[in-house]
Amino acid sequence: MVTSRPLAAASRSAVLVAVVVGLAALRVPRPPTLCLLREATGIPCPMCGFTTAAVHLGHADLAGAAGASPLAVVVCAGFVLTPFIRRSRAATFWRELPNRWRQLLPVFAIVAILAFAEIWQLQRFGII
């Protein structure tokens with residue numbers, strides 16, 4: 001059975017909304033940090049702030065979520081938009097690229113995104 005893009009996007013959106021609203025509704029005491037790297041070294045990892053961003057998204061506070069972790073907001077948006085992106089012109093262009101480019105571009109993109117996220121977190125915690 002082939003699912004249509006709107007149905008896939010709607011179901012992904014429903015799952016995402018359920019998760020972030022569920023996180024926002026939780027009223028359990030949290031430790032000072034959930035990040036093992038930050039707990040051990042005091043230096044935040046690129047994914048620090050994902051839980052906080054999800055809670056902000058659950059409260060419909062996009063600015064607060066982006067302030068906690070812009071990477072989390074982009075990941076959530078990408079999760080919902082994937083069914084649309086897979087059938088877009090960009091995906092067609094991607095499939096037509098030489099194999100070597102399709103291997104290298106994701107590596108460079110991931111490294112650049114994680115570097116940006118790490119710099120963001122270091123600035124957010126006042127380390128730089």
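This is a predicted model: local features need pLDDT of at least 70, side-chain atom pairs count only at pLDDT 80 or more; totals for chains, interfaces and linings use all residues.

Reader: In which helix is L57 placed, and which residues does L57 touch?

Author: Helices are DSSP runs of H or I with at least four residues, numbered from the N terminus. L57 belongs to helix α3, residues 50-58. Contact means heavy atoms within 4.5 Å. Not counting residues up to four places away in sequence, L57 touches V20, L62, A65 and C76. L57 and L23 are 34 residues apart in sequence, with their C-alpha atoms 9.3 Å apart in space.

Reader: How is the length of a helix checked, and what span should α7 have?

Author: The expected span is 1.5 Å times one less than the number of residues. The 26 residues of α7 should therefore span 38 Å, and its end C-alpha atoms are 38 Å apart, which agrees. After α7 comes G126, with a positive phi near 75°.

Reader: Which residues of α7 are buried, and against which helices do they pack?

Author: An α-helix has 3.6 residues a turn, so residues three or four places apart point the same way. In α7 the buried residues are A117, E118, Q121 and L122. The buried residues of α7 pack against α4 (62-68) and α5.

Reader: What surrounds Q121, and which side chain does Q121 join in a polar contact?

Author: Q121 lies in α7, residues 99-124, and is buried because its relative accessible area is 1%. Leaving aside neighbours within four places in sequence, Q121 is in contact with P44, C45, P46, C48, A68 and S69. A polar contact is a pair of N or O atoms within 3.5 Å; within protein, one must be able to donate a hydrogen and the other to accept it, and residues adjacent in sequence count only if both atoms are side-chain atoms. Such a contact, of 2.8 Å, joins the side chains of Q121 and R124.

Reader: How far from E118 is the nearest side chain of opposite charge?

Author: Lys and Arg count as positive and Asp and Glu as negative, whereas His and the chain ends are not counted. A salt bridge requires a side-chain nitrogen of Lys or Arg within 4 Å of a carboxyl oxygen of Asp or Glu. E118 is buried yet has no salt bridge, and the nearest side chain of opposite charge, R124, is 10 Å away. Apart from residues up to four places away in sequence, E118 touches I43, P44, C45 and P46.

How values were computed. Residues are numbered from 1 along each chain as its sequence is written. Side-chain values use heavy atoms; hydrogens and water are left out. Helices (H or I, at least four residues) and strands (E, at least two) are DSSP runs, numbered from the N terminus. Buried means under 20% relative accessible area, exposed over 50%, partly exposed in between (1.4 Å probe, protein chains only).
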